[in-house]
Amino acid sequence: MSVFINFLASNPLLLMFIVIGLGYLVGNIKIAGFSLGVSAVLFVGIAFGALDPRLGLPEGMYIAGLVLFVYAIGLQSAPGFFASFQKRGFKTNLLATGILGMSALLAILLWKFAGISAPNAVGLFCGALSNTPALAGTMETIKSLSGKIPPQLYESYVNTPVVAFGLAYPFSVLGVILWFQVFTRLFKVDFTREEAERYGGTGVQPIHNWTLNVSNPAIVGKTVREAMNFLAQTGFALSRMKKGDEISVVSPDAVLDRGDQVVAVGTTEALERALVLFGERAEEFLPREHDFIDYRRIFVSSPKAAGKRIHELNLEKEYGATITRLRRGDVDFVPAPGTILELGDRIRVVTREDNFDRVTALFGDSMKGISETDFLSISLGVVLGVLLGMIPIPLPNGMTFKLGYAGGPLITALLLGKLERTGKIVWNIPFNASLVMRQIGLVFFLAGIGTKAGYGFGSTFQSGGWTLIAAGALITTFVTVLTIIVGYKYMKLPMSAVMGMVSGMQTQPACLAYANQQSQNDLPNVWYATVYPASVITKIILAQVLASLLILMSVSS
Amino acid sequence: MQPIINLLADNPLLLLFVVIGLGYLIGSIRILGFSLGVAAVLFVGIAFGALDKRVTLPEPIYITGLALFVYAIGLQSGPGYFASFKKRGFRINVVASMIILAGALLCLGLWKLLGIPAPNMVGLFCGALTNTPALAASVEAVKSFAGKIPPDLYDAYLSAPVVSYGLAYPFGVLGVILWFFVFTKIFKIDFAKEEEQRRDEAGAQIIHSHTFNVLNPAVVGKKVQDALALLGQPGFALSRIRKGDTVHVVTPDILLDLNDQIVAVGTSDALERARLLFGEESAVPLSGDNDAIDYQRIFVSSPKVAGKKVHELQLEREFGATITRLRRGDVDFVPSPDTILELGDRIRVVTREDNFNRIRSLFGDSVKGISETDFLSISLGLVMGVIAGMIPLPLPNGATFKLGFAGGPLVVALILGKIERTGKIVWSIPFGASLVLRQLGLVFFLAGIGTRAGFGFGATFRAGGWELIAVGAFITSFVAITTIFVAFKYLKLPMSAVMGMVSGMHTQPACLAYANQQAQSDLPNVWYATVYPASMITKIILAQLLVSLMLTAM
């Protein structure tokens with residue numbers, strides 16, 4: 001065994017990939033319909049870390065993973081984050097901050113009545129809510145109080161929070177996942193159905209095309225654009241139209257005559273609107289002439305088209321082409337003229353066959369293009385993010401805190417993702433590349449903190465840190481259970497959103513990873529990003545306030 | 001300046017991304033039609049590294065990057081590697097080894113002529129050809145001569161190879177890239193045209209679909225599969241057939257009758273064969289009957305079908321469907337029944353419209369699916385690769401060597417890429433994900449070795465270790481230029497293959513990265529992998545032989 005440990009200790013690369021590989025293997029095992037998923041990498045990491053203190057991954061590696069992960073998450077969540085701010089983000093953030101505040105009070109109660117020392121209580125608070133910047137903030141506070149602490153106790157005051165943090169940390173991840181599982185069962189949440197309800201009853205609605213006869217007198221003689229203006233919201237796209245014997249791509253300036261046929265593409269609901277507009281549904285499909293007007297699926301891979309609104313491309317005028325469907329990730333929808341195209345979108349373009357070369361050149365249509373990542377944009381964003389994380393931000397109490405490696409890049413990415421592009425630089429990463437970066441960043445990070453926390457966990461476990469572990473678990477449970485009940489029962493949020501919110505309040509990517517895997521949609525990401533920034537800041541402030549308060553009170557008593 | 005250096009020295013992560021970002025920026029600047037591309041990350045790394053000893057990236061970051069990069073390259077090149085090895089791999093490897101041997105002889109000559117001490121000369125040889133295992137092996141060899149070396153010089157003898165290696169190394173990378181650039185200009189290489197020619201030769205041309213009338217009496221009354229068997233290698237796919245008024249998907253069992261109309265998909269050459277087989281091309285194309293038969297592009301994202309041959313799926317029998325085109329990366333071709341499907345392939349499937357749901361669920365058709373990387377397979381492969389790189393392999397002269405972090409994962413990946421799948425584990429990584437991993441790994445690696453090599457280089461640059469640097473550059477240039485001439489002029493290899501070969505002989509991923517970016521094809525990868533293993537071993541043996549020869553001669 002010790003040969004094996006020595007071998008791993010001298011080969012961090014091997015250790016990392018063994019942890020990741022075993023983690024994936026363990027995470028795939030399903031017991032009673034429950035599998036740990038990618039979070040298993042963390043627990044395998046803890047198991048390895050517990051074997052020997054030398055089995056830790058170098059910090060540089062997992063911090064790099066963390067930064068890539070949060071940066072990609074931030075970019076991807078940006079639109080949802082800002083949208084939810086308008087709708088209900090404010091209320092949610094207020095709730096999150098309130099619950100975090102209550103958990104700080106709980107830490108004070110534990111100090112007062114459970115005989116837990118001040119530095120321990122602060123460390124538990126940070127660990128139970130799994131926030132490293134808060135821990136770093138605490139230590140700075142303690143250092144700034146050095147004059148008030150008896151010199152012989154100073155060393156232990158600085159070190160104790162770290163140990164307590166390490167003890168509470170594993171349950172702050174494990175416990176949250178455990179409660180997710182318990183409440184998912186308790187409330188009988190069916191994520192597939194939940195997702196379906198979110199899309200209006202029938203799941204992701206399939207898209208059809210209907211051929212319609214122009215027979216509504218109100219639109220005869222009008223141009224297509226004027227006719228479409230009758231509807232506040234169309235939700236369908238027009239692809240081809242037949243005038244006499246001639247079939248062409250619909251242009252906004254075409255005049256609609258009685259007896260013309262148009263093909264509309266959209267969900268059944270949207271097509272009903274098209275039906276009302278044009279008059280009646282044709283008995284027969286407008287045949288698709290393969291030699292004339294055709295459709296093709298094209299990848300948006302050119303930075304020239306990405307980040308632009310569809311109407312800015314002037315497709316109808318310049319190319320005689322129209323986009324009838326858009327697939328982003330695995331979701332199909334009918335794009336509106338204001339839809340912003342992203343790298344990696346797959347669009348269905350209808351046009352004359354001899355136009356395809358030009359249209360293809362415009363959008364790129366290269367698999368290589370959508371996977372080749374622009375590291376200039378990423379590096380610039382990450383550098384900005386890391387720098388932002390290093391800026392000392394003054395607090396009302398005269399102290400300062402820093403956002404750190406998680407907070408800085410996240411906030412930067414949220415802002416850049418909202419901007420979409422600045423001059424020639426496209427901030428968004430193609431869907432495909434983003435997914436790979438998130439995954440690789442996450443597994444590096446999980447393997448890293450796992451092995452690092454592992455040894456402290458093992459050693460204090462033996463020396464009877466049970467009270468501290470229990471106290472930490474209490475704080476974690478309090479925050480998690482309270483948020484789940486309030487969010488799901490009173491705010492009537494879908495469970496996937498609640499899980500994202502709890503993960504965000506815990507500022508814990510591992511919980512988010514579990515939530516993502518269970519819910520199979522991106523609601524957790526959106527809610528994670530919604531509450532994350534406020535939660536990090538709240539926790540850092542609370543930890544520092546808690547540290548000054550408890551230490552000053554215990555020293556004076 | 002000092003505060004910035006301190007900031008970067010204290011924050012390796014910041015340093016990493018500053019180097020990568022600046023590198024990308026500089027790499028995208030075009031001067032006279034030439035841009036450095038991703039290799040600029042290396043140069044920016046060296047520039048930063050030269051600023052201060054503390055401005056350097058932690059080793060694990062770039063070793064991880066290196067392992068990911070070579071592993072992904074290896075997986076992708078696996079099939080091509082084994083195919084090319086059969087064709088001409090042996091000859092090429094003999095050529096490569098001979099040129100490296102000539103490089104070693106040059107070192108002996110320079111040692112005699114210029115009076116450069118033996119331990120320095122060996123270090124220059126290893127550095128100029130950028131091979132760390134060879135350096136390690138020569139240090140071991142020096143130790144075995146401990147009895148012959150004056151005791152007071154022993155320590156100097158052990159450190160001299162390392163210092164010289166560090167001096168020769170930067171030009172060992174930069175020089176190769178420089179010569180690539182120079183010769184691409186001299187020979188007026190147009191990579192786009194070169195790639196086009198190669199594709200023409202390989203038959204990957206534009207794909208058409210044509211309708212044919214079944215008139216040839218030789219095939220009337222035969223089953224489709226029997227008719228196709230007449231051609232041996234048809235090279236085209238059959239999609240639909242019209243019998244009377246109904247249109248069907250072509251299955252191998254369907255009988256060909258006089259005046260049936262059949263649609264074939266393939267290159268012009270292949271369609272010419274189809275015309276011979278069926279009789280005549282129809283004036284009117286078989287019109288697309290919307291309700292009955294249609295085609296769709298579907299992503300192969302399900303691990304159940306990836307790594308399997310097209311005919312194993314029994315598409316015609318089970319689904320009444322057929323695959324007429326396949327797009328891998330950005331290349332379209334007509335798959336044969338033996339084509340192995342890979343994750344991320346986009347296939348065009350022809351079938352009845354009501355079949356599409358079943359077919360889509362068979363293949364997966366999920367973009368998320370092809371981007372979600374299976375880290376179980378990657379980790380397993382990398383662990384095997386890293387361990388393979390640690391195994392001491394015996395050399396004929398009794399010494400041992402290790403493949404290291406670059407060689408081990410590369411060799412393992414080549415084999416796994418060829419195997420494609422083992423039980424439930426699919427080894428190949430989807431095209432898109434592989435590209436991201438390669439890029440990420442590469443920029444980490446380049447930034448890492450750049451900053452690490454930078455300081456030593458900068459210091460001797462200032463202090464004037466000129467002679468040694470010049471000798472190292474000479475060796476590098478000799479090997480690179482000789483190879484380019486022999487391979488391009490005499491072996492008539494395309495320039496992209498030559499660049500891959502030179503990079504492989506230098507066992508240098510950074511040169512390969514430059515070659516890849518210039519060539520825009522995967523030829524450099526295949527040739528890199530072809531000569532890499534033998535070059536590695538040749539260099540290690542030669543380095544040890546050099547030590548023995550020079551030290552015994554003293």
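Which residue takes a positive phi just after α7(B)? Lys188(B) does, with a phi of about 50°.

## Basis of the model

The model is predicted: local features need pLDDT of at least 70, side-chain atom pairs count only at pLDDT 80 or more, and totals for chains, interfaces and linings use all residues. Residues are numbered from 1 along each chain as its sequence is written, while chains are lettered from A and ligands numbered from 1 in the order in which they are written.

## Helix α7 of chain B

Helix α7 of chain B covers residues 154-186; helices (H or I, at least four residues) and strands (E, at least two) are DSSP runs, numbered from the N terminus. Its 33 residues reach 47 Å from the first C-alpha to the last, close to the 48 Å expected at 1.5 Å a residue; the expected span is 1.5 Å times one less than the number of residues.

A kink of about 30° lies at Ala168(B), shortly before Pro170(B). The bend is the angle between axes fitted to the seven residues ending at a residue and the seven starting there.

## The sheet of chain A

In chain A, 5 strands form an open sheet in the order β3-β2-β4-β1-β5, with antiparallel pairing; two strands pair if DSSP finds at least two bridges between them. Because β3 (246-249) and β5 (279-281) of chain A each have a single partner strand, one side of each is left without a neighbour in the sheet. Neighbouring strands are turned by 30° against each other on average, direction ignored; axes are lines fitted to C-alpha atoms, for helices over the stretch in contact, and angles run from 0 to 180 degrees between N-to-C directions.

Strand β2 (residues 237-243) of chain A is joined to β3(A) by 4 bridges, and Arg240(A) has Val249(A) as its bridge partner in β3(A). Helix α10 (residues 268-278) of chain A lies across β1, β4 and β5 of that chain, at about 5° to β1(A).

## The sheet of chain B

Chain B also has an open sheet of 5 strands, ordered β3-β2-β4-β1-β5. Strands β1 (residues 208-214) and β5 of chain B pair in the antiparallel sense over 3 bridges; Val214(B) has Gly279(B) as its bridge partner. Helix α10 of chain B runs at about 10° to β1(B).

## Asp52 of chain A

Asp52(A) is found in the loop between α3 and α4 of chain A. With 18 other C-beta atoms within 10 Å, Asp52(A) is partly exposed (buried: 20 or more such atoms; exposed: 12 or fewer; partly exposed: in between; C-beta atoms are placed from the backbone). Leaving aside neighbours within four places in sequence, Asp52(A) is in contact (C-beta atoms, placed from the backbone, within 7 Å) with Ile5(A) and Ala9(A).

Technical notes: Contact = placed C-beta atoms within 7 Å.
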